[in-house]
There are 2 protein chains.
Amino acid sequence: MPFAMTEAPTPFAIGLDGGGSGCRVAICDASGVILGRGEGGPANATTDFDGTIRHLCAALDIACAGAGVAVADLAGMPAHAGLAGVISAEVGDRVARALPLRRVTVTEDSDTMLAGALGPQDGSLAAIGTGSFFARQAGDASRSVGGWGFQLSDQASGAWLGHELMKLALHVSDGLVAESPLMRAVLEELGGPPGLVAFGRRALAHDYAAYAPRIVEAAKAGDSAGLSLMWQGATFLRFALDGLGHRADEPLCLTGGVGVHYARYLDDMVLIPPKGSALDGALALARRVPA
Amino acid sequence: MPFAMTEAPTPFAIGLDGGGSGCRVAICDASGVILGRGEGGPANATTDFDGTIRHLCAALDIACAGAGVAVADLAGMPAHAGLAGVISAEVGDRVARALPLRRVTVTEDSDTMLAGALGPQDGSLAAIGTGSFFARQAGDASRSVGGWGFQLSDQASGAWLGHELMKLALHVSDGLVAESPLMRAVLEELGGPPGLVAFGRRALAHDYAAYAPRIVEAAKAGDSAGLSLMWQGATFLRFALDGLGHRADEPLCLTGGVGVHYARYLDDMVLIPPKGSALDGALALARRVPA
């Protein structure tokens with residue numbers, strides 16, 4: 001025998017992370033070393049429950065193959081899934097029953113993002129991309145606010161910034177608010193109020209969010225409308241963190257394509273980069289699953 | 001001959017008023033006495049141009065029959081049409097060319113509502129129903145702001161109040177804002193955040209506006225959320241009137257199903273009831289059409 005057989009490390013925990021664009025699974029040993037990884041399709045438990053289970057199982061199979069273990073051998077391992085669309089305890093329970101894992105807890109992906117970004121330390125997370133949510137952990141307790149979608153929530157998000165930009169453009173056109181280079185450009189590109197109204201009738205969250213990078217850059221260049229919108233977003237962020245009980249000396253992690261750009265409006269806060277991903281958070285929460 | 005023939009009064013001006021739910025035409029003599037009236041279908045010049053012209057012509061035919069004159073005999077009379085959807089000078093010109101009237105001016109219905117509500121005196125109008133717009137006249141000059149539709153405009157309107165109510169309900173559910181009887185009732189009726197999110201995905205302006213009467217009543221009863229929303233609406237109203245140059249000693253006319261309920265939040269202003277309708281305003285503006 002040319003190679004000595006070594007005993008494979010024992011799998012210890014399983015992390016599952018799922019959102020609207022895909023899902024990821026990782027299996028680690030007791031020291032946290034990743035033994036196998038898998039990826040799969042979208043996993044939003046509310047918009048497509050069956051697809052979510054199918055995609056998570058496919059990703060789990062790939063991760064098991066990588067770790068050299070059978071799925072059945074993992075059924076008793078502690079596992080945690082953080083998924084988009086876990087809007088109630090019922091949805092979480094339903095996912096837990098449908099997965100081939102006996103010791104799995106299921107929460108919203110906000111919980112895994114929070115645990116991943118902060119690691120074990122107390123603090124808060126402002127996750128701001130097209131949408132937004134705000135979360136805080138202290139000890140083993142965590143809580144999140146926002147994230148209910150563009151129509152009624154997600155203040156400070158990219159979609160929110162773009163939507164406020166369009167509303168402000170109509171105020172500028174009506175002569176209620178002073179013009180700025182950004183407002184002039186947007187009004188001209190969209191064809192004035194009639195074009196803005198037509199845009200507003202068909203626009204979805206990502207259409208509004210497409211304007212966020214320009215708002216960020218205009219604000220950096222001193223544009224009055226850009227600055228007003230970014231300060232309004234930062235004000236909502238402070239309001240949400242206050243509501244969560246965030247303390248001035250605690251770390252705050254800004255993530256997402258828009259989130260990082262709020263840093264310059266929050267220079268009195270203790271900002272830290274994210275320690276890890278939502279998948280890292282899922283593995284960390286799996287370690288807390290009771291035997 | 002049992003009756004003496006008297007000469008019919010000479011028609012002098014034609015007023016046309018059109019909105020999303022119907023149109024009205026009136027023909028008056030030189031002293032302002034109405035000689036004939038007609039009604040017809042919807043007249044929004046942007047959403048249905050051909051239907052607008054057809055409905056206006058049908059209503060004009062009825063008014064002419066009532067006045068005992070042929071449409072052709074009126075072609076040279078001064079006329080004014082105030083229509084929904086006249087979002088640009090081009091749309092107005094196109095309507096004017098399509099009508100069988102040579103001396104007709106065409107504007108948005110906000111102009112005729114303003115002229116009708118205030119008569120010849122200087123002052124402002126806040127027209128607030130499902131949507132909203134704000135207008136001011138001083139001498140022969142007038143100007144309006146807002147009214148661009150629910151998606152990007154119409155602050156203080158019924159739809160705006162209902163939308164803000166739903167956003168506030170999610171803040172209450174998230175623990176960011178204190179509960180109130182109105183908030184508790186709305187959250188319970190809609191099934192908490194998941195129900196609110198589902199409502200927000202399908203709701204149109206009139207769905208949100210359906211909550212406005214409850215907001216008005218809750219505010220009267222001292223509900224903190226109701227009061228907050230009504231004061232926010234009144235604050236926007238003041239902002240819009242300031243932008244229009246409204247002076248504290250000028251009359252302000254509140255119209256629309258929601259508008260009248262802002263009176264108690266504006267007790268420092270000179271409030272007057274509307275003097276007349278948009279059709280009255282169209283007749284008044286017809287009298288200003290140059291020969």
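At what angle do the axes of helix H5 and helix H6 of chain A cross? Some notes on this predicted model follow.

1. The axes of helix H5 (residues 158-173) and helix H6 (residues 181-190) of chain A cross at roughly 90 degrees and come within 10 Å. H5(A) and H6(A) are therefore roughly perpendicular (65 to 115 degrees) to each other. Axes here are lines fitted to C-alpha atoms over the stretch in contact, with angles from 0 to 180 degrees between N-to-C directions; helices are DSSP runs (H or I, at least four residues) and strands too (E, at least two), numbered from the N terminus.

2. Contact (heavy atoms within 4.5 Å) between the two helices involves, among others, A:Leu165, A:Met166 and A:Val172 in H5(A), and A:Leu182, A:Val186 and A:Leu190 in H6(A).

3. Across all chains there are 12 aromatic pairs (Phe, Tyr or Trp rings, six-membered for Trp, centres within 6.5 Å; stacked under 30 degrees, edge-to-face over 60, the rest tilted). B:Phe150 and B:Tyr208 make a tilted one, 5.3 Å centre to centre with 35 degrees between the planes. B:Phe150 sits in the loop between strand E8 (141-146) and helix H5 (158-173) of chain B, and B:Tyr208 in helix H8 (residues 205-209) of chain B, so the pair ties together parts 58 residues apart in sequence.

4. Housekeeping: residues count from 1 along each chain as written, chains are lettered from A and ligands numbered from 1 in written order. Local features need pLDDT of at least 70, side-chain atom pairs 80 or more, while totals for chains, interfaces and linings use all residues, and side-chain values use heavy atoms, without hydrogens or water.

How values were computed: Parallel < 35°, antiparallel > 145°, perpendicular 65-115°, else oblique.
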